[in-house]
Amino acid sequence: MQFGVCWYPEQWPQERWATDIEMMVDLGLDLVRVGEFAWARLEPEAGRFDWGWLDTVIESVGEAGLGVVLGTPTATPPVWLMRAHPDIMITDQRGARVPYGSRRHTCITSATYRRESLRITDALVGRYGANPAVAGWQVDNEPGNHDSARCWCDECEVAFSRWLEDRFGTIDALNEAWGTIFWSQTYPDFDSVRLPRDTMTSQHPALRLAHRKFASDQSVDFLRSQFERIRAGVAPGIPITTNLYCEDLNVDARAVARLGGVASMDNYPHGVSTPFDTAYLLDLHATASGLDGQAWIMEQQVGPVNWTDENPQVSHGQARLWLWQSALHGYDASLVFRWRAARYGQEQYHTGLLRHDGTPERVFDEVRSTISEINRAALPKPKPKIAIVHSYKDAWAIEINPHRRGLSHRDLLFEAYRAVRSLGLDAAIVDSTDDLGAFEIVLAPAIQISTPERIAAIERALAADTEVILGARSFVIDRENAWSDRPLPAGLSDRLGARVIEPTSQNLAVTIEPWGTPAGIWTDVLEVDSAEVVARYGGSTYLDGSPAVVTRDGLTYAGFTNRESWQALLADRTGLSPIGGNIERFHRGDALWTIDHDSRLITRSE
Ligand SMILES: [Zn+2]
């Protein structure tokens, strides 16, 4: 595993740089990320570049034996550029331009922004593409964060129309697929399709899902051109990646990771709720570039941050635990954010490895000893036997039409994920069309969109003797967010030998029997043909005795959503008992590693 740090030398006097680099070497680091917000320093005015400082930084870092990860600064276009080209500014839903003065103030579609982004990228690649000290590239920074993937300007509206035209060919095909006959929403032509801005009441779910896909595609398309320019200008094998905020839902992380073959995410455990939420997000991004792909943590929290509600202190041993957690989840690199706490700007309370005054933080020595511990352990990659199917399109569909206010795709997946971890098992989080047959059990707790490709992937897995377990509300819609007119789960009901006849949202204390566990907020009632009934609903006068879990030849349908019921079903399948507590276990080679999040103990046994 490689370790590194995010450094902003442009924010500090040059006389200090040599000391900083010496301390980085002492810490045992391999990588130093620089440059990703430095556009104003690199190009103080249009066409006038100031390379001297970055030449010195890259040369000094390289001479010290460390590798530079060079960022393209396109998340922070400078003020002179915004004033010259106001069309770069992002537009909010009400049509107002959002001013500069922060970051990600950009319309991802803007032809001007794209042209200027490629201009600065080309300049960086031209100067440093062949520099042996540059060990990796980061394109942009956290695209989609701050809800920046969706811009509501006229240029985006035109691009959306063209995107739809490319997909559908004719407006009749769009009207048919979306069902715009509902409420007389039939479009006469593509130019009449509006972005889904606030309307009198809710907007058409097909329009909203299409817009989510469009916004993600626009970000990926924007990034792709930078990836292509960099790939063409650097040595083969140099990693190129884009870091995403760990739980951002605006941009499809797999589509981004597959641009360069390396996934990367920014891991801030204080930004999410529990250690298992962090574990879930680590597993989600770990496979984003493919089941055996590379994954980096480009920013790792090791101390208090400045942007949550409370920004609490970080206890002794917590940074060590976080670094171990990412190592055990299979990451190839981890870069601490940030080197030295900033005196200026919006992150003054965001701690780093050094205090504002340049002296080491309490966590400095902890990070140093942890790096050497993890390097000595030489952990093999995880080989989970259980996979959980995740897709951004399902997540967006559920966000648009949750059936119950506040319910999310993340909640539904997390209940199943937590159940797998509670039995002491590793879990891979995979795409619906990945090789599902590589696992013993595949859970699909929230796979709503029925497509021929997904059905084929499930059938291949079943043919490979993998048990596939579908969760409540599976395969109910098509790819355009229209409800299916076939028996549910659409396309698999014959194979299952059962169909869902009542997809209900519960406000009752329904149980799953014989386990006596809660069913959760969704209960799909099944009508059985040739399937075997594994469990039934209890505790409700109208559901009592109805089939809740059915199975046939390796395909299982679980009509519930609750974690305890997932745990009971998986305990039945694996013969394992829950291990209790906030404990994660990892089977790595011949060793069993355990993280106890309450006591912050990490142990290894054979
Ligand atoms: Zn726009």
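Helices (H or I, at least four residues) and strands (E, at least two) are DSSP runs, numbered from the N terminus.

This is a predicted model, in which local features need pLDDT of at least 70, side-chain atom pairs count only at pLDDT 80 or more, and totals for chains, interfaces and linings use all residues. Residues are numbered from 1 along each chain as its sequence is written.

**Entry: strand β12**

I looked up the partners of Leu443 and found Ile469 as its bridge partner in β13. Strand β12 (residues 441-444) and strand β13 (residues 467-470) run parallel, joined by 4 bridges. On β10 (residues 386-389), Ile388 stands opposite Leu443. β10 and β12 are also paired in the parallel sense, over 3 bridges.

I then checked burial, where a residue is buried if 20 or more other C-beta atoms lie within 10 Å of its own, exposed if 12 or fewer, and partly exposed in between, with C-beta atoms placed from the backbone. Ile441 and Leu443 on one side of β12 are buried, and so are Val442 and Ala444 on the other, leaving both faces covered.

**Entry: the open sheet**

I traced an open sheet of 9 strands with parallel pairing, in the order β5-β4-β3-β2-β1-β9-β8-β7-β6. β5 (240-241) and β6 (243-245) are the edge strands; each has a single partner, so one side of each lacks a neighbour in the sheet. I found 3 bridges from β6 to the parallel strand β7 (residues 262-267). Asn243 stands opposite Ser264 in β7.

Helix α3 (residues 52-63) packs on this sheet and touches β2 (31-34), β3 (67-71) and β4 (134-138). Contact here means C-beta atoms, placed from the backbone, within 7 Å. The direction of α3 makes about 150° with that of β3. Axes are lines fitted to C-alpha atoms, for helices over the stretch in contact, and angles run from 0 to 180 degrees between N-to-C directions.

**Entry: Val336**

I picked Val336, which lies in strand β9 (residues 333-336). Val336 counts as buried because 27 other C-beta atoms lie within 10 Å. Leaving aside neighbours within four places in sequence, Val336 is in contact with Val5, Gln300, Val302, Leu353 and Val367. Gln300 is 36 residues from Val336 in sequence, yet the C-alpha to C-alpha distance is 4.5 Å.

**Entry: α1 on α3**

Helix α1 (residues 17-27) packs against α3 at about 35°, with the axes 10 Å apart. Trp17, Ala18 and Ile21 in α1 meet Val57, Ser60 and Val61 in α3. I sorted these residues into 5 nonpolar, 1 polar and no charged. For the classes, Ala, Val, Leu, Ile, Met, Phe, Trp, Tyr, Cys and Pro count as nonpolar, Asp, Glu, Lys and Arg as charged, and the others, Gly among them, as polar.

**Entry: α5 and α8**

I found that the axes of α5 (residues 111-128) and α8 (residues 205-233) come within 10 Å and cross at roughly 20°. That makes α5 roughly parallel to α8 (angles under 35 degrees count as roughly parallel, over 145 as roughly antiparallel, 65 to 115 as roughly perpendicular and the rest as oblique). The α5 contact residues include Arg114 and Asp122, and those of α8 include Phe222 and Arg229. By class, the contact has 4 nonpolar, 5 polar and 3 charged residues.

Notes. Two residues are in contact if their C-beta atoms, placed from the backbone, lie within 7 Å. Two strands pair if DSSP finds at least two bridges between them.
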